Amino acid sequence: MTGFERPFVEIDDVSMRYGGTEGTLALRHTSMRIAKGEFVAVVGPSGCGKSTLMRLVTGLWPCSAGSVIVAGKEVDGPLSIAGMAFQAPTMLPWRTILQNVMLPLEVVEPHRRRLRGERSMYEEKARKLLALVGLAGFEDKTPHQLSGGMQQRASLCRALIHDPQLLMLDEPFGALDVFTREDLWVELQGVCNILKPTVVLVTHDLKEAVFLADRVMIMSARPGRIIAERTVPFPRPRALDLTYTQPFQELVHDLREHISAARRGEDMPVSPPGAITPGQEAPHAA
Ligand SMILES: Nc1ncnc2c1ncn2[C@@H]1O[C@H](COP(=O)(O)OP(=O)(O)OP(=O)(O)O)[C@@H](O)[C@H]1O
């Protein structure tokens, strides 16, 4: 990195209230910086405003106060450079898996314009992505012919088909069994290593956060704000065996304590941003 590089995502003193002045205050004075290519996980008590934060960053909702800047531009509407995946894969049941994966290309420019003339190139790309997550051979199936885990893999491909610079994942593995979930962590890590998007992952699973992220941001109970962050020092690629090691479990435990305190409405002593767990070396984070 040369000199100062502007963060890719800049969330500045953002507040968000649903339903007018008497409505629910979901976020209060939340700030966050995310570097290009960085993988950030956001954890916090249930209902603290994590999904709200995702909606503000992707421009699906406007903030009530503060600003969100992505790639140097203030977000003032839905972001075409973002790909999204949620807990429910939400595949269109009448379309094949390949057609579902290609859906964003029918909406997002410049792909929309190019799709008619370059359909076979785009189809090839969708097939390659599906192969990358172990779904080669399932392109022509419909969603109901696939398991939940397979549908979630396909929804990851759909989030990535238009080469998003920003990948926003809101509990994407929350509905899956633990084995499928862990397989998908490894696959997501592999895909990110190749495509290198900037990623924001909202999750309740602290192991998932530590396994996947360069940095974990911890939110307070509602109204949410960032109360602490941890840099994850483990080198990549990470293997699942890492989750059984003591440093990994200590970091998960540390996060759990922060969230328990946040649920009780207490703030733990806040570590400086980017604090590193004692005895561990600095990460490669972007
Ligand atoms: N569309 C909406 N209208 C009114 N209130 C909302 C709306 N969406 C969310 N809220 C409220 O805002 C607060 C934050 O919700 P949000 O979904 O962002 O939290 P979360 O941290 O993602 O929750 P969870 O961990 O349970 O998924 C909650 O109190 C919720 O009830």
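What you're looking at is a predicted model, where local features need pLDDT of at least 70, side-chain atom pairs count only at pLDDT 80 or more, and totals for chains, interfaces and linings use all residues. Residues are numbered from 1 along each chain, as its sequence is written.

Now zoom out a bit. Strand S1 (residues 9-18) runs antiparallel to S2, and 7 bridges join them. Both belong to an open sheet of 4 strands with the order S2-S1-S4-S5 and antiparallel pairing. Strand S2 (24-34) and strand S5 (73-74) sit at the edges with a single partner strand each, so one side of each has no neighbour in the sheet. (Strands pair if DSSP finds at least two bridges between them; strands are DSSP runs of E, at least two residues, and helices are runs of H or I, at least four, numbered from the N terminus.)

Next, find helix H1 (residues 50-57), which lies across S1, S2 and strand S4 (65-70) and runs at about 120° to S1. Axes are lines fitted to C-alpha atoms, for helices over the stretch in contact, and angles between N-to-C directions run from 0 to 180 degrees. Contact means C-beta atoms, placed from the backbone, within 7 Å.

Finally, look at helix H5 (residues 148-160) and helix H6 (residues 178-195), which pack at about 20° with their axes 11 Å apart. H5 and H6 are therefore roughly parallel (that label covers angles under 35 degrees). Who meets whom? Gly149, Gln152, Arg153, Leu156 and Leu160 in H5 meet Thr180, Leu184, Glu187, Leu188, Val191 and Leu195 in H6.

Technical notes
Two residues are in contact if their C-beta atoms, placed from the backbone, lie within 7 Å. Angles under 35 degrees count as roughly parallel, over 145 as roughly antiparallel, 65 to 115 as roughly perpendicular and the rest as oblique.
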